[in-house]
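Q: I would like to learn how to read a few features of a structure. Could we take them one at a time?

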Amino acid sequence: MSIEDLAQAAGPVAGTVSDPLDGQPLTESDAEGWIPRTCFKCGPPRTVGIELEYLIHRDVDPPEHLAPDKLKLLHDDIQTQALRSGFTVEPGGQVELSSLPADDLPGAIADLTADLEKLTAVASRHGARLTGTGIDSLPLPVRYLQEPRYAAMEEYFDRTGSAGRVMMRASASVQVNIEAARIGSGPGDFDRRWELLHAIGPATAAAFGRPTRHPVADPRLKGYRLLRQGIWRRLDPARCHAPVPTSGETLQEAYTRWVLDAPVLAVRRNGRPWTAPRDLTFRQWLREGARAVPDATAPTLEDLKFHLTTLFPPVRARGFYEVRYLDQQPGPGWRVAAATVAALMQDDSAGDAALEACEPVRDAWELAAREGLANDRVREAARKVLEHAAQALDRDGMGELAQQTSEYLDRVALTEPSAVEERPW
């Protein structure tokens, strides 16, 4: 489900969201009412979804990028497959599978496993392979998608360096979608689940962070052991760091404030570039309208929905919580990454234990990105996170996945990248 699909989603209180009229100018108060009702809600009845991104390489040794025309043929072939998951293409030509919301974790894993088999077979027919890692080890490819959204995004991020190009063209992740709050749980569940996902974030991101040999040109990225995590730390803090409630502010209020005070990345226009004015926040655009962007109309609800898709915090509120801090993994490791997050969110005792174990590093995003598991405190917290997740999975009858989770740190995360096969099968 995309943020564009959430306009009529049920809010945390019974009833439906009342939208401002489509196409009409949006007021600041309209936006302040719509964002929390739409981005935070109990449910959905189904519990988990998983999104997988993969890099595409020619199946040669050493690997190479696939030429754009060959990449298009591969993408077109995938589009003909009968997939249960949604299929999309990322700016650098990476492929993404998005599972349907599943009733349970095994269901989501089963659907994606079947679809990955089809993608792997298609890639093989085109002399290519899917590569599971957080940042491509090869030099940066050309941008594959030429839509105005991505041209404006690249121009925006280029104002401060090349980190944005690496993120757009050379990164891949595992994303886990979890209910923002469980039905009947009360308003405190929004806060608890949000706190847990962020508290375990640095250690869990380090556990599944993949070192890379990608050449680093942007001086802001020097010294990061986990490059994908470093990119999100340095790229654009106003849109990539987690919102923090101020004294007396609720989570929903803080998130709404953060959304409106984030810079506008792109302004949608028909037949013209989508470049946004420098340093313009969405709140300023709401207040000033055409005075802020003379060649565009005043912002509408559709502009706000689009703005939400250009924000990249570690956890994004979309009516559910979209966990974004996991690198894509070699082999079947994506199952362990997704299961770790899902298990800790579903098993309250395991979640509480992981929360306590991560207390010493709960805000150590920068440390985790720079040192990863080489840091003793981060490594110890990561080990506890996976142990508690494995115990939760075992209690839930997923013994094989529990064993893979308990062994992952030593068998994969602490192994040199060259010693771990990056192919998903």
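This is a predicted model: local features need pLDDT of at least 70, side-chain atom pairs count only at pLDDT 80 or more; totals for chains, interfaces and linings use all residues.

Q: Which residues make the contact?
A: On the α16 side they are Arg379, Ala382, Arg383, Leu386, Ala389, Ala390, Leu393 and Asp394. From α17 come Gly399, Leu401, Ala402, Thr405, Ser406, Tyr408, Leu409 and Asp410. By class, the residues of this contact are nine nonpolar, three polar and four charged.

Q: Is Gln328 buried or exposed?
A: Buried means under 20% relative accessible area. Gln328 has 0%, so Gln328 is buried. Its place is the loop between β8 (320-327) and α13 (333-346).

Q: What is Gln328 in contact with, leaving aside its neighbours within four places in sequence?
A: The contacts of Gln328 include Leu52, Glu53, Tyr54, Gly132, Thr133, Gly134, Arg210 and Trp334. Ala172, Ser173 and Val174 are also among them. With Glu53 there is a polar pair: a polar side-chain atom of Gln328 lies 2.8 Å from the backbone oxygen of Glu53.

Q: How far is Lys72 from Gly331 in sequence and in space?
A: The two residues are 259 residues apart in sequence, and their C-alpha atoms are 25 Å apart.

Q: Which residues of helix α4 are buried, and what covers them?
A: In α4 (residues 148-158), the buried residues are Arg149, Tyr150, Ala152, Met153, Glu154, Tyr156 and Phe157. Their cover includes α5 (163-170), α9 (237-240) and α12 (301-309).

Q: Which face of strand β3 is covered?
A: In β3 (residues 86-89), Phe87 and Val89 make up the covered face, while Gly86 and Thr88 are on the uncovered one.

Q: How is β3 joined to β4, and what lies between them?
A: Four bridges join β3 to strand β4 (residues 95-98), and the two run antiparallel. The strands form a hairpin with five residues between them. In the turn, Gly93 has a positive phi of about 95°.

Key. Residues are numbered from 1 along each chain as its sequence is written. Side-chain values use heavy atoms; hydrogens and water are left out. Buried means under 20% relative accessible area, exposed over 50%, partly exposed in between (1.4 Å probe, protein chains only). Two strands pair if DSSP finds at least two bridges between them. Contact means heavy atoms within 4.5 Å. Ala, Val, Leu, Ile, Met, Phe, Trp, Tyr, Cys and Pro count as nonpolar, Asp, Glu, Lys and Arg as charged, and the others, Gly among them, as polar. A polar contact is a pair of N or O atoms within 3.5 Å; within protein, one must be able to donate a hydrogen and the other to accept it, and residues adjacent in sequence count only if both atoms are side-chain atoms.
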